[in-house]
Amino acid sequence: MTADISTLIAPYLEKDPTKFYTTEQFKESVSGEKSLVQFAVKRAASIQAQLSGELVVEANTSSNMGGPGGGGPNGRSTASQGYSMNTIMEISSFVVILLVGIVYAFFYKRRRS
């Protein structure tokens, strides 16, 4: 579904002079190693491992949520726990762009019909 939507909005993205990222970065976020799809696959595998008992994750109920320069829960660095904040922000931005493109395409089709 992500590939279909990206194919639909890619021509508009390439022509957009106000885009936040390059076309290459967009394509990488859709089909690269750090794409939204790969994130979902890894997340699903993590959840499966947690449910089966292969991966045990300790809950931290303290109010220490980490912060700028403070590391993550239990004093560990958030960078070693998976995706960086920059990657998460990029993926989130691309998801928003995809959703805006879908909404635009939906309403544009409705008006022309």
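Is Tyr 12 buried or exposed, and what is its relative accessible area? In this predicted model, Tyr 12 is exposed, with a relative accessible area of 55%. The legends below begin with the whole chain and then turn to individual sites.

**Figure 1. Overview of the predicted chain, which holds 4 helices and 0 strands.** Read from the N terminus, the elements follow the order α-α-α-α. The chain has 113 residues, of which 18% count as buried. Its exposed surface comes to about 8,900 Å², and carbon and sulfur atoms supply 60% of that area. Among contacts in the chain with a separation of 6 or more, 51% are accounted for by residues 24 or more positions apart.

**Figure 2. Close-up of the nonpolar surface patch formed by Tyr 12, Tyr 104 and Tyr 108.** Together, these three tyrosines present about 370 Å² of accessible area. Tyr 12 is placed in helix H1, which covers residues 2-15. Because the limit for the exposed class is over 50%, Tyr 12 belongs to that class at 55% relative accessibility. Tyr 104 has a relative accessible area of 48% and is therefore partly exposed.

Figure 3. Phe 106 is partly exposed, its relative accessible area being 44%. Phe 107 likewise counts as partly exposed, at 44% relative accessibility.

**Figure 4. Close-up of the aromatic cluster in which ring pairs link Tyr 21, Phe 26 and Phe 94.** Phe 94 is located in helix H4. With a relative accessibility of 4%, Phe 94 counts as buried, because the buried class is defined as under 20% relative accessible area. When neighbours within four places in sequence are set aside, Phe 94 is in contact with Tyr 21, Gln 25, Phe 26 and Ser 29. The C-alpha atoms of Phe 94 and Lys 27 are 9.8 Å apart in space, although 67 residues separate the two in sequence.

Figure 5. Ser 35 is buried, with a relative accessible area of 1%. A polar atom of the Ser 35 side chain lies 3.1 Å from the backbone oxygen of Gly 32. The backbone nitrogen of Gln 38 is found 3.2 Å from a polar atom of that side chain of Ser 35. Both distances fall within the 3.5 Å limit for a polar contact. Leaving out residues up to four places away in sequence, Ser 35 touches Glu 28, Ser 29, Val 30 and Ile 91.

Methods. Residues numbered from 1 in each chain as written. Predicted model: local features only at pLDDT ≥ 70, side-chain atom pairs only at ≥ 80, totals over all residues. Heavy atoms only, no water. Patch = residues over 30% accessible without salt bridge, like charges linked within 9 Å, V, L, I, M, F, W, Y side chains within 5 Å. Areas by Shrake-Rupley, 256 points an atom, 1.4 Å probe, with all protein chains shown as cover. Salt bridge = Lys/Arg side-chain N within 4 Å of Asp/Glu carboxyl O. Helix = DSSP H or I, 4+ residues; strand = E, 2+ residues; numbered from the N terminus. Buried < 20%, exposed > 50% of the residue type's maximum accessible area, 1.4 Å probe, protein only. Polar contact = N/O pair within 3.5 Å; in protein donor to acceptor, adjacent residues only side chain to side chain. Contact = heavy atoms within 4.5 Å. Phe/Tyr/Trp six-rings, centres within 6.5 Å; stacked < 30°, edge-to-face > 60°.
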